[in-house]
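Reader: Could you walk me through this structure and tell me what stands behind each label you use? I like to see the value next to the cut-off.

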Amino acid sequence: MKLVNIGFGSYVSPERVVAAVDPESNPIKRIVSHGKETGKLIDATYGRKTKTVLVMDSGHVILCPLTPENVAQRIAGRTEDKADEEE
């Protein structure tokens with residue numbers, strides 16, 4: 001099984017990711033709120049600003065400190081240097 005680093009030592013299985021979206025729209029805010037209510041929210045930001053919301057096929061919602069573009073590149077197999085994690 002391949003795992004992808006989503007920042008600060010957190011990893012996800014790319015086969016399980018349904019969407020990587022910007023957290024600023026109201027529909028995504030509702031998805032995050034629903035995930036929190038149902039206990040399916042995972043905060044992988046380590047106190048940083050949430051830049052991406054990952055929606056998983058299991059219904060889990062993961063908050064990520066990397067941009068959606070960086071997450072997409074990592075899922076596609078192109079690795080970024082560690083500097084993104086320091087933002």
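Author: Gladly. The chain exposes about 5,200 Å², and carbon and sulfur atoms supply 52% of that area. Accessible areas come from the Shrake-Rupley method with a 1.4 Å probe, and for residues only the protein chains shown count as cover. This is a predicted model, in which local features need pLDDT of at least 70 and side-chain atom pairs count only at pLDDT 80 or more, while totals for chains, interfaces and linings use all residues. Residues are numbered from 1 along each chain as its sequence is written, and side-chain values use heavy atoms, with hydrogens and water left out.

Reader: What share of the chain counts as buried, and what does "buried" mean?

Author: Of the 87 residues, 37% count as buried. The word stands for under 20% relative accessible area; exposed is over 50%, and partly exposed lies in between (1.4 Å probe, protein chains only).

Reader: How many helices and strands are there, and what makes a run of residues a helix or a strand?

Author: The chain has two helices and six strands, in the order β-β-β-α-β-β-β-α along the sequence. Both kinds are DSSP runs numbered from the N terminus: helices are H or I with at least four residues, strands are E with at least two.

Reader: Why is Val32 called buried?

Author: Its relative accessibility is 17%, and the limit is under 20%, so Val32 counts as buried. Val32 belongs to helix 1 (residues 26–38). Leaving aside neighbours within four places in sequence, Val32 is in contact (heavy atoms within 4.5 Å) with Leu41, Val53, Val61 and Leu63.

Reader: How do you know that the buried residues of helix 1 are on the same side?

Author: The buried residues there are Ile28, Val32 and Gly35. They cover an arc of only 60 degrees around the axis, which puts them on the same side of helix 1; the arc is that of the directions from the helix axis to the C-beta atoms. These buried residues pack against strand 3, strand 4 (41–43), strand 5 and strand 6. The face turned away from the buried side carries the exposed residues Asn26, Arg30 and Glu37.

Reader: What span is expected for helix 1, and what span does the model give?

Author: The expected span is 1.5 Å times one less than the number of residues. Helix 1 has 13 residues and reaches 18 Å from first to last C-alpha, close to the 18 Å expected. Gly39 follows helix 1 with a positive phi, near 80 degrees.

Reader: And which residues of helix 2 are buried?

Author: In helix 2 (residues 68–76) they are Pro68, Asn70, Val71 and Arg74. They cover an arc of only 160 degrees around the axis, so they sit on the same side of helix 2. Their cover includes strand 1, strand 3, strand 5 and strand 6, whereas Glu69 and Ala76 are exposed on the other side. Just after helix 2, Gly77 takes a positive phi of about 105 degrees.

Reader: Why is Val12 called buried?

Author: Val12 has a relative accessible area of 7%, so Val12 counts as buried. Val12 lies in strand 2, and its contacts beyond four places in sequence include Leu54, Met56 and Ile62.

Reader: Which residues make the nonpolar surface patch?

Author: Met1, Leu3 and Tyr11 make a patch of about 410 Å². Patch residues have over 30% relative accessible area and no salt bridge; like charges are joined within 9 Å, and nonpolar side chains (Val, Leu, Ile, Met, Phe, Trp, Tyr) within 5 Å. Leu3, at 47% relative accessibility, counts as partly exposed.

How values were computed
A salt bridge is a side-chain nitrogen of Lys or Arg within 4 Å of a carboxyl oxygen of Asp or Glu.
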